[in-house]
Amino acid sequence: MEIDNFRVELRKLTKSKNLYNYLLTVLEEVYIDALRQAKKKSGLNSFPQTCP
């Protein structure tokens, strides 16, 4: 539930052009960090290597 709420808020925030453009510049780096955490916490290796 908390993740769903976060996604809704993030969707609202990215309607701002400045924030959206910033997101595009950091997306790959953020995804790599999230991928590392997801692998560590889940023990799985079946995640996409690049952000879908």
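Salt bridges, to begin. The structure holds two of them. By salt bridge I mean a side-chain nitrogen of Lys or Arg within 4 Å of a carboxyl oxygen of Asp or Glu. This is a predicted model, so local features need pLDDT of at least 70, side-chain atom pairs count only at pLDDT 80 or more, and totals for chains, interfaces and linings use all residues. Residues are numbered from 1 along each chain as its sequence is written, and side-chain values use heavy atoms, with hydrogens and water left out.

The side chains of E9 and K12 meet at 3.5 Å, N to O. Both residues lie in helix α1, three residues apart, about one turn of the helix. An α-helix has 3.6 residues a turn, so residues three or four places apart point the same way.

How accessible are the partners? E9 is partly exposed, at 42% relative accessible area. K12 is exposed, at 51%. The cut-offs: buried is under 20% relative accessible area, exposed is over 50%, and partly exposed is in between, with a 1.4 Å probe and protein chains only.

R36 and D33 meet through their side chains at 3.2 Å, N to O. Again three residues apart, about one turn, both in helix α2. R36 is exposed, with a relative accessible area of 53%. D33 is partly exposed, at 36%.

On to the fold. There are two helices and zero strands. Helices (H or I, at least four residues) and strands (E, at least two) are DSSP runs, numbered from the N terminus. The radius of gyration is 13 Å, well over the 10 Å that the globule rule gives for 52 residues, so the protein is more spread out than a compact globule. That radius is taken over C-alpha atoms, and the rule is 2.2 Å times the number of residues to the power 0.38. Along its principal axes, the C-alpha trace spans about 35 × 25 × 15 Å. Of the 52 residues, 6% count as buried.

Next, α2 itself. The helix runs 17-42. It bends by about 55 degrees at V26. The bend at a residue is the angle between axes fitted to the seven residues ending there and the seven starting there. V26 is also one of the buried residues of α2, along with Y31 and L35. After the helix comes G43, with a positive phi near 75 degrees.

L23 and S46 are 23 residues apart in sequence, and their C-alpha atoms are 25 Å apart in space. What about E28? E28 and C51 are 23 residues apart in sequence, but 6.9 Å apart in space, C-alpha to C-alpha. Then L35, also in α2, which is buried at 10% relative accessibility.

What is the volume of the largest pocket? About 700 Å³. Of the 20 residues that line it, the closest to its centre are F6, R7, L10, V30 and A34.

We use a 1 Å grid over the protein atoms alone. A cavity is a set of points where a 1.4 Å probe fits but cannot get out. A pocket is an open set with protein on both sides within 12 Å along at least five of seven lines. Lining residues have an atom within 4 Å of a point. Grid points are joined across faces, edges and corners, and the volume is the space filled by probe spheres set on the points.

Which helix gives the most to the lining of the largest pocket? That is α2, with ten residues. Both α1 (2-13) and α2 supply at least two residues each. By class, the lining has 16 nonpolar, one polar and three charged residues. Nonpolar covers Ala, Val, Leu, Ile, Met, Phe, Trp, Tyr, Cys and Pro; charged covers Asp, Glu, Lys and Arg; the others, Gly among them, are polar.
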